[in-house]
Amino acid sequence: MISSIRGFNDILSEETILWQHIEECARNVFKTYGFSEIRIPILERTELFSRSIGNTTDIVEKEMYTFLDRNNESLTLRPEGTASVVRAYIEHKLYNSPTAKFYYLGPMFRYERPQKGRYRQFYQIGAEVFGIDEPRVDAETLDMLLFLFNELKLDNVKLEINSLGCKECRPLYKQKLKIFLSNKKEELCENCQRRIDANPLRVIDCKSQKCIEITKDAPSILDSICGNCKTHFDDVKKYLALFDRKYSINPRMVRGLDYYTRTTFEITSNKLGAQNAVAAGGRYDGLVKELGGHDTSGFGFAIGMERLALLLKEAGGIIEPEPTIFLIGIGEKAEIEAIRILKELRESGFIAEMGYQNKGIKNQMKIADKLGARIALILGDDELANNEITLKDMKTGEQDRVKIEGLATGLKTLNIKKQA
Ligand code: HAM
């Protein structure tokens, strides 16, 4: 047997019902906020990610699936969607449209150590807004994300926000932090010792208990941001209040991608274990320019689909499969008529299955039971001669003979849910 690759999962039908429910909810919510769907490629030039996510991030340093194609070009399986959406925004001159709000769904790839809620192929639902650096965009996009959680009846999540400042004030903070960390260098983990010079902010985000302890009195970025960034952050908080959204401030949240400026955030749940962020994102005002476009602002987020599905399951949000009708035709003549009925039922929107003759009626009833059929319809010679069919309610066990003519209409009144 050839098994699947570690960290790459099959999503089976029980799970896909839940995923489809999430996707449908997301599409509906995003539409009401003026977002439209963009489909981006799974493969991109490696440079797109190294230039946007940052050369010294974990993702670029050690987690990307990168290879040379037959033309010796370095390509990478996308580890996230933002960089690709920015590339598409520039490439297709999408800045000419009055609103540039996009959402996307699909698999991302990171060579991480698999554990609960962390996989090597995982799915994201993401959204990005371009061209408006108003703080209301940050609050409104967060309101949309939280509204989606409300629609999914997941109220047990927390929004944490922070500001990472801009290209003017962040270098000053980095300097302060470097001085603080240099004095404690020997005590930090090996990874963090290396990061002090290259990317000191990441040290604050280290998950090692020792590093957390050592950096607990590190200078806070919120004490270092410039006046403009402070006003922006204060306004984001003001608008979040106007949208009636609760949040807490976490000055240690630095995020694992380098493109962020000003607002960053995470939506967390204590039901997820170590990988507690179900969604995350922020503002990235320099990224469009960095990738060759105009000086355009950006704000966005991505939800981790597996983690969201896990939360929904925890909350008991199991989606029941739609009821099925199971048809049984006994004998050659009955089978011909049963096929006609099967087609009619499906074309009327019912989910209908039909058993196979060689199984015998008892076995077919067992199959109907296993399928969780709501109704079984049995057609034998006797029924056929009277233009009738036996209708068995699989829940109550009651059965009755009904006319074949008008069957689909009659079934609709029986409160069997129809496909939309
Ligand atoms: P990120 O924080 O790297 O941000 O990922 C966003 C979410 O994807 C995480 O909060 C988590 O739920 C999920 N996720 C990440 N890695 C894994 C994994 N290995 N297995 C399962 N789930 C995972 C981004 O990707 C940014 N592009 C978000 C963004 C959009 N920022 C601005 N716009």
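Trainee: Which side-chain atom lies 2.5 Å from a nitrogen atom of the ligand?

Mentor: This is a predicted model, where local features need pLDDT of at least 70, side-chain atom pairs count only at pLDDT 80 or more, and totals for chains, interfaces and linings use all residues. Residues are numbered from 1 along each chain as its sequence is written, and side-chain values use heavy atoms, with hydrogens and water left out. The atom 2.5 Å from the ligand nitrogen is a polar side-chain atom of Glu-80.

Trainee: Which residue has a polar backbone atom 2.9 Å from an oxygen atom of the ligand?

Mentor: A polar backbone atom of Tyr-119 is 2.9 Å from a ligand nitrogen atom. For the ligand oxygen atom, the residue at 2.9 Å is Ala-277.

Trainee: How many residues of the shell around the ligand come from E10?

Mentor: The ligand is surrounded by 26 residues, a residue being near if one of its heavy atoms lies within 4 Å. Strand E10 (277-283) is one of the elements that give two or more residues to this shell; strands here are DSSP runs of at least two residues, and helices of at least four. The largest share comes from E10: six residues.

Trainee: Is Thr-215 buried or exposed?

Mentor: Thr-215 sits in the loop between helix H9 (209-214) and helix H10 (227-242). Buried means under 20% relative accessible area, exposed over 50%, and partly exposed in between, with a 1.4 Å probe and protein chains only. Because its relative accessibility is 0%, Thr-215 counts as buried.

Terms used: Polar contact = N/O pair within 3.5 Å; in protein donor to acceptor, adjacent residues only side chain to side chain.
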